Structure formats: C-alpha cells, structure tokens
Amino acid sequence: METADERLRRWRMVLGGGDADGTGYAPAGRDAAMDAALAALYGGGGAGGPRKASGARSAGLGGSAPNVARWLGDIRAYFPAPVVQVMQRDAIERLGLSALLLEPEMLEAVEPDVHLVGTLLSLSKAMPDTTKETARAVVRTVVEQLERRLATRTRATLTGALDRSARISRPRHHDIDWNRTIRANLKNYLPEYRTVVPERLIGYGRAAQSVKKEVILCIDQSGSMAASVVYASVFGAVLASMRSIATRLVVFDTAVVDLTDQLDDPVDVLFGTQLGGGTDINRALAYCQSKITRPADTVVVLVSDLYEGGIRNEMLKRVAAMKASGVEFVTLLALSDEGAPAYDREHAAALASLGAPAFACTPDLFPEVMAAALEKRPLPVP
C-alpha cells in the first residue's frame, strides 16, 4: 500500500518543485538526478521559459554540445526508451537543438526513433560529411526495427489478398476455398446424408507466379509528413520484395521524384527525399497517371495532408479519371502512429465524394487497407 511519503514524492516529481508545489518533499539521490533532467527541458531552460527574479533562467541545456550530450545520457539512464524519445523530440522542438544533431557525438547519444529520422532527413542537405555516415547508421537502425515489426504481417496479408483475387475453378485440394465452394453448392444439399455435393469447386489462384497487381505509392514529402515518409519507404521496400506486386514509389513537393530504382534499400530512399517546401499534388498525380498501364490491376496510394499548392480542380479531375478507368485510389492523410494531422478538409470531402475517402492510417492497419484495395472491397476506414 502506498505510504503518505510516497504520495508526496510522486506529487513532487509531477509538479516539478518551486514555491507552488506545496509538498515540502526534497528529492535526493536518483530522484534529484531525474528531477534535474526534467527541469533542464521543462523547467524554464527553453526559449521563453520562466525566469528567476534576477532574470536568469532557472534551468536549461543551453547551446552547449557537452551539456546536451550529458543530458541525453542522463535521460537514457533514468527513463524507458519511449519516454526518452518523447523528451528528445520535445528538446529539439522547444530548445532548438536541431543544429547539434549535425555533430556525430550527438547522434551517437540519442535514442533512435521515427521522429528523429524525420529531423535528420530535414537536415540532410546541411549535414557535413563527418556526420553523414553516423546519420545513416541511425536511420538504418530505425528502418530495420520497422521492417522487423511490419514486414512479415504485410507479406502474409497481401499474399492472401492476391491469392483470393485470382480464384480458379479447378483448384488442387489444398487450394480450395471451402467457404465459397459450399455457398456455391448449397442447392446440392442432400438432407438424407446431411452433406453438400460440391459439383463446382472454387479455389485460390497462386498469385506469386507472376506480377498480378501494380501499386504506386505517391508520397507528400512536405515537412509535416516526415513520419509518413519513413513508414511509406519501409512499406515500399516490403512491397517491392514481393514478386507478385510491381511497386513504384514517387515522392513530391513542388517537384516530382521517382525513387523506384532505390526501393531495395529504404535508407537510400529516405536520403533521396527532401523534406520541406511546397506541395503540388496535381503534378505528382499526373506523373503517376502516366505510369499506369493496367488500370484495373493498379492501386494508387496518395499519402498527403492535401494542402494543395497546384491546381485543385485538375487534381480532382485526375482522381476521378483514374477511378473511372478502374484504378483503386486510396488517400491517406498520414501513415503514422500519431493519428490524423492537420489537413485540408475541403479537399478531403471532395475526394470522399469521388469514392476515395481520406483518412489517417496507422502502420499496423496499412496491410489491411492494401489487402482491401487489392481485392476491390470496401476499405477498413478507422
């Protein structure tokens, strides 16, 4: 049972000390070290933070690389990895520490995660040669973690969808789709034997023998889409590894870049992106449309917050034309764990009216969304 002292300790750690906390508890030892690490970030060390009466800041990391390196080591010692990742993200945003990530010793001290990768990619053009290899190692660590988490389930889910989309009428025994076969032969039910005589067998085709579907991932690389770019690159590499799917990956801002030839290594894909800049969705879709050769067997996935800097009406006309030709069109406002970002609601509503609902998608849901698109069934909109 929690004691009164333990309750005071917890409240003190939550409130952060100072005259207003009212607990009277003075942290010591490990608690004091944790409190100092938190105070450096949240206790007034950032720009605009609270000051002491003398005008000096009450805590902070400053712009000193040694101070930041020690702080990064401290938080990794005192907090679990998910909390460390949140604190690192807050430090970069609140204290303007992005420039320090250009130093190799800083990168060696951080806890790698998707958001850190996004920050590194946005800094990649300014990154000195001495830092680039360290940065690639950090990015590769995150990419490999994501591949381990997502690849097996994605391949299994999409292989099943491809097999179901290629059903055959004379299947081998292990290829029989028993549910569909029974439904198709209910008229042949024999009451006296309490069984169905399967005059017509329906089975799954073996889709892996050749390319059955084409997938075009069209990714908005504006700064707000950083996490989506990371996940889309990983999924693009996974899809490209499946012989039954021809995968194309296109990234865009106001220009369009086709990174399909780099899909065997998502790290190369990521360093081929350029986060930031404007957005021209219409131009990107025009490029994707020009690459479609089998509309009925093609899925186009647009990942964007839909803030269009190009020609809005032309963008919508292109989507309508692709859908009319038989293309399955999927609009994802984000492909990340954070949920829906800020997005252009007018454009989202216009796409929904064309039969292309726009929604945010988590990485864990993405295989189900793709499976539904490949099978031309309703999307599992969250």
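Student: How many bridges join strand S6 to strand S7 (residues 328–335)?
Tutor: This is a predicted model in which local features need pLDDT of at least 70, side-chain atom pairs count only at pLDDT 80 or more, and totals for chains, interfaces and linings use all residues. Residues are numbered from 1 along each chain as its sequence is written, and side-chain values use heavy atoms, leaving out hydrogens and water. Helices (H or I, at least four residues) and strands (E, at least two) are DSSP runs numbered from the N terminus, and two strands pair if DSSP finds at least two bridges between them. S6 and S7 run parallel, and the bridges joining them number 5.

Student: Which residue of S7 stands opposite Val301?
Tutor: Val301 points one way from S6 together with Val299 and Val303, while Thr298, Val300 and Leu302 point the other way. Across in S7, the residue opposite Val301 is Val330.

Student: Is S6 enclosed or open, and how many of its residues are buried?
Tutor: Buried means under 20% relative accessible area, exposed over 50%, and partly exposed in between (1.4 Å probe, protein chains only). S6 is largely enclosed by the rest of the structure, because its buried residues number 6 of 6.

Student: Which residue in S6 is the bridge partner of Cys218?
Tutor: Strand S3 (residues 213–220) pairs with S6 (residues 298–303) in the parallel sense over 6 bridges. For Cys218, the S6 partner is Leu302.

Student: Which helix joins S3 and S4 in making a right-handed β-α-β unit?
Tutor: S3 and S4 (residues 245–252) run parallel and are joined by 8 bridges, with Cys218 opposite Val250.

Student: How far is a polar side-chain atom of Asp113 from the backbone nitrogen of Leu116?
Tutor: Asp113 sits in the loop between helix H5 (104–109) and helix H6 (114–123), and its relative accessible area of 8% makes it buried. Contact means heavy atoms within 4.5 Å; leaving aside neighbours within four places in sequence, Asp113 touches Gln85, Arg89 and Val142. Its polar side-chain atom lies from the Leu116 backbone nitrogen at 3.0 Å.

Methods:
Polar contact = N/O pair within 3.5 Å; in protein donor to acceptor, adjacent residues only side chain to side chain.
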